[in-house]
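I open this notebook to record what I looked up in a single protein model. The entries are grouped by topic.

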Amino acid sequence: MKITIGIPAYNEEKNIAKIISKVREYADSIIVCDDGSTDMTNEISNQLGAIVITHKKNRGYGAAINSLFMKAKELESDILVTVDADGQHLASDAVKFLEAAKNQPESLVLGQPYFDKSAPKFRVYGRIITQFFVWLETVSFEIKDTLCGFRVYPLSAFHAIAEQVQLRKHMDFDPEIAVRMYWERVPIINIETPVRYEKEGLSHFHFFRDNVLMISLHVSLLLEALRRSPQ
């Protein structure tokens, strides 16, 4: 099984070298999507031997993930592991994620985060609200979290979905693709993993814009779920 690790990155010069070095041993190739960075993210990634996709301007988290998928397809990868560039994820947990993927390569492996005291309360409560809507949209409790960016995608399932619908381009991408994969009967595996919020960490979540996009997404998915309900 050919494994690619994809890292969406925007102005992550402080963290990108550490992330690449930590995940290098788990993958056949590492791709960094530099989503319009104005710092040294691109140069550092190149120096460390990562394959770098460059967006000339910032296009959004979902757009960066989509570019990672396209490049992984060019590399003829079987699965894409995505990990955030901000250092929130425990890179060594990639072993657990990949073990699950190797046993069930057609599955979507989702990070199920548990938080320490560093987690902002609005993030924790926001996840609960999002999860409530996901359970409605899937009529299932099978998906435990749709906002954690640490996950393993079966590439064939992603490309089949991407040919049918125009996927979201910002932070609403993660819940959308998880729900759509569930609708397409892709098996779901949830892996518990710690998520840490560093005090000096850089958040790219735009409170107003991304919450409006999340509301729009869930309204759209709920309406589509109703149309699907006879099936």
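Predicted model: local features only at pLDDT ≥ 70, side-chain atom pairs only at ≥ 80, totals over all residues.

**Entry 1**

**Entry 1. Salt bridges, overall count**

I searched the whole structure for salt bridges and found 10. As background, side chains of opposite charge can pair when their charged atoms come close. I then looked up several of these pairs one by one.

**Entry 2. Arg127 and Asp145**

I looked at Arg127, which forms a salt bridge with Asp145; the closest N and O atoms are 2.9 Å apart. Arg127 belongs to helix α5 (residues 121-138), while Asp145 sits in the loop between α5 and β6 (151-154), so the pair ties together parts that are 18 residues apart in sequence. Are the two partners buried or exposed? Arg127 has a relative accessibility of 13% and counts as buried. Asp145 is also buried, at 7%. The cut-off I apply here is that buried means under 20% relative accessible area.

**Entry 3. Arg180 and Glu224**

I next recorded the salt bridge in which the side chains of Arg180 and Glu224 meet, at 2.9 Å from N to O. Arg180 lies in helix α7 and Glu224 in helix α8, so this pair ties together parts that are 44 residues apart in sequence. Arg180 is buried, with a relative accessible area of 8%. Glu224 counts as buried at 14%.

**Entry 4. Arg228 and Glu184**

I then turned to Arg228, which forms a salt bridge with Glu184, with 3.8 Å between the closest N and O atoms. Arg228 lies in helix α8 and Glu184 in the loop between α7 and β7, so the pair ties together parts that are 44 residues apart in sequence. Arg228 is partly exposed, with a relative accessible area of 25%. Glu184 counts as partly exposed at 36%.

**Entry 5. Strand β7**

I asked how strand β7 is placed. Of the 8 residues of β7, 6 are buried, so the strand is largely enclosed by the rest of the structure. Strand β5 (residues 108-115) pairs with β7 in the parallel sense, over 8 bridges. Within this pairing I noted that Val109 has Ile189, in β7, as its bridge partner. For reading the side chains, I keep in mind that in a regular strand they alternate between the two faces of the sheet.

**Entry 6. Cavity search**

I recorded its lining as Ile19, Lys22, Val23, Val83, Asp84, Gly87, His89 and Ala91.

**Entry 7. Positive phi angles**

I checked the backbone for positive phi in residues other than glycine. Glu76 has a phi near 60°. Glu76 is located in the loop between α3 (61-74) and β4 (79-82), and it is exposed, with a relative accessible area of 65%. Arg185 has a phi near 65°, again a positive value in a residue other than glycine. The loop between α7 (173-183) and β7 (188-195) contains Arg185. At 71% relative accessibility, Arg185 counts as exposed.

**Entry 8. Nonpolar surface patch**

I looked for nonpolar side chains on the surface. Ile215, Val219, Leu223 and Leu226 form a nonpolar patch there, with about 410 Å² of accessible area together. Ile215 lies in helix α8 (residues 207-228). Its relative accessible area is 57%, so Ile215 is exposed under the cut-off of over 50%.

**Entry 9. Lys71 and Gly6**

Last, I looked up Lys71, whose place is in helix α3. Lys71 is partly exposed, at 24% relative accessible area. How far apart are Lys71 and Gly6 in sequence and in space? I recorded 65 residues in sequence, and 9.4 Å from C-alpha to C-alpha.

How values were computed
Residues numbered from 1 in each chain as written. Heavy atoms only, no water. Patch = residues over 30% accessible without salt bridge, like charges linked within 9 Å, V, L, I, M, F, W, Y side chains within 5 Å. Areas by Shrake-Rupley, 256 points an atom, 1.4 Å probe, with all protein chains shown as cover. Salt bridge = Lys/Arg side-chain N within 4 Å of Asp/Glu carboxyl O. Helix = DSSP H or I, 4+ residues; strand = E, 2+ residues; numbered from the N terminus. Buried < 20%, exposed > 50% of the residue type's maximum accessible area, 1.4 Å probe, protein only. Pairing = 2+ DSSP bridges. 1 Å grid on protein atoms, 1.4 Å probe; cavity = no way out; pocket = protein on both sides within 12 Å on 5 of 7 lines; lining within 4 Å.
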